[in-house]
Amino acid sequence: MLEPLVLRLGAWLISPPVRFSRFGYRLRALFGPQHGEDVLDAAVMLLAVNGVRGDVAEFGVFEGRSLLHLWHAHRWVEHLIVDDVVPILRGANPACLQRRYYGFDSFEGLPPHDEVLEGQPGWMAQGAFAATQEGVRLALRRSGVPDGDAVLVPGWFDATLTPESAPESIALAHIDCDLYASTKVVLEFLAPRLVDGAIVVFDDWWLYRGRPDRGEQRAFAEFRAEHPELRFVELLRSTTVSFLVHRDDR
Ligand SMILES: C[S@@+](CC[C@H](N)C(=O)[O-])C[C@H]1O[C@@H](n2cnc3c(N)ncnc32)[C@H](O)[C@@H]1O
């Protein structure tokens, strides 16, 4: 009785007139995957499969959407392990998913820069993505993230990402800071900290019309040439791009 009704409702919801209506777009915005979340989910899952220990570090927090997602993605994979529903996770140790979640951001938005390509929209301007630490803490708390799990580090990367700064071991790095100059600083910070099997996600890989001589792509190409001790294997390519890290020096 109920099943045919649900199936008819489903068929109606996915029919093009509904899917591409304003209502459909709103539904998708509410329930569909947000930009880059597929790549983050796959990364968290793979780290569990490989038993990779270390912390999560996000560079570019804004209002905390992706930091919050990363925390929940870890809890989701923990459930999958404990409930034994995914064969590839069988035998994985949920304890290896105990991480701290570091969020680095100026909280003043983007620094001054001249990286915008002609015709690119105004959101890349200095000060875009300004947010408050308090707002992010509140969002994290409201969604159930314990206070001790997340560490917000306010300030410009060249001041906060020093050789002494925590964390020491990074399993998952989410680079979401838009700019070449910012990504350069982030990658140098990561070099000694990425553990073998770590995953690096570039959120803004396709900005600047996907040009390899701009933004995150340029910074990463230079970094790879300067750090032969780190080898990168491309993992997933979606609206964002991720790489697995192999290191031969430890
Ligand atoms: C696109 S937003 C991050 C979006 C966020 N991950 C989310 O889930 O909504 C980019 C962020 O990078 C930060 N940022 C860029 N360059 C920076 C720098 N050099 N130092 C500190 N923060 C920087 C900006 O403040 C901004 O909040």
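**Close-up 1. Arg100 sits in the loop that runs between α5 (65–83) and β2 (101–105).** Everything shown here and in the views that follow comes from a predicted model. Leaving aside residues up to four places away in sequence, Arg100 touches Asp55, Asp149, Val151 and Pro167. Ser21 makes a handy reference point for orientation: Arg100 and Ser21 are 79 residues apart in sequence, and their C-alpha atoms are 41 Å apart in space.

**Close-up 2. The chain is divided into two parts, domain 1 (1–30) and domain 2 (33–247).** Taken over C-alpha atoms, the centres of domain 1 and domain 2 are separated by 33 Å.

**Close-up 3. An open sheet is formed by 7 strands.** Reading across the sheet, the order is β3-β2-β1-β4-β5-β7-β6, and the pairing is mixed. The edges belong to β3 (150–154) and β6, each of which has a single partner strand, so one side of each is left without a neighbour in the sheet. From one strand to the next, the twist averages 20°.

**Close-up 4. Strand β5 (residues 194–202) pairs with β4 and with β7.** On one side, strand β4 (residues 170–175) runs parallel to β5, and 5 bridges join them. Here His174 stands opposite Val201 of β5. On the other pairing, β5 and β7 run antiparallel and are joined by 4 bridges. Helix α4 (residues 37–49) lies across β4, β5, β6 and β7, and runs at about 170° to β5.

**Close-up 5. Strand β7 (residues 241–247) is largely enclosed by the rest of the structure.** Why is β7 described as enclosed? The reason is that 5 of its 7 residues are buried. Strand β6 (residues 230–237) pairs with β7 in the antiparallel sense over 7 bridges, and a hairpin of 3 residues joins β6 to β7.

**Close-up 6. Helix α8 (residues 180–190) is largely enclosed by the rest of the structure.** The buried residues are Tyr180, Ser182, Thr183, Val185, Val186, Leu187, Phe189 and Leu190. What do they pack against? Their neighbours are β1 (55–59), α7 (157–160), β4, β5 and α9.

**Close-up 7. Helix α8 crosses helix α9 (residues 215–226) at roughly 35°.** The two axes come within 8 Å, and the crossing of α8 and α9 is right-handed. Which residues make the contact? From α8 come Tyr180, Thr183, Lys184 and Leu187, while α9 contributes Gly215, Glu216, Arg218, Ala219, Phe220 and Phe223. Sorted by class, the contact has 5 nonpolar, 2 polar and 3 charged residues. Tyr180, Thr183 and Leu187 take part in this contact and are among the buried residues of α8.

Conventions:
Residues numbered from 1 in each chain as written. Predicted model: local features only at pLDDT ≥ 70, side-chain atom pairs only at ≥ 80, totals over all residues. Domains from an automatic or database assignment. Axes fitted to C-alpha atoms, helices over the stretch in contact; angles between N-to-C directions. Helix = DSSP H or I, 4+ residues; strand = E, 2+ residues; numbered from the N terminus. Left-handed = near helix turned anticlockwise from the far one by under 90°. Contact = placed C-beta atoms within 7 Å. Nonpolar A, V, L, I, M, F, W, Y, C, P; charged D, E, K, R; others polar. Buried ≥ 20, exposed ≤ 12 C-beta atoms within 10 Å, placed from the backbone. Pairing = 2+ DSSP bridges.
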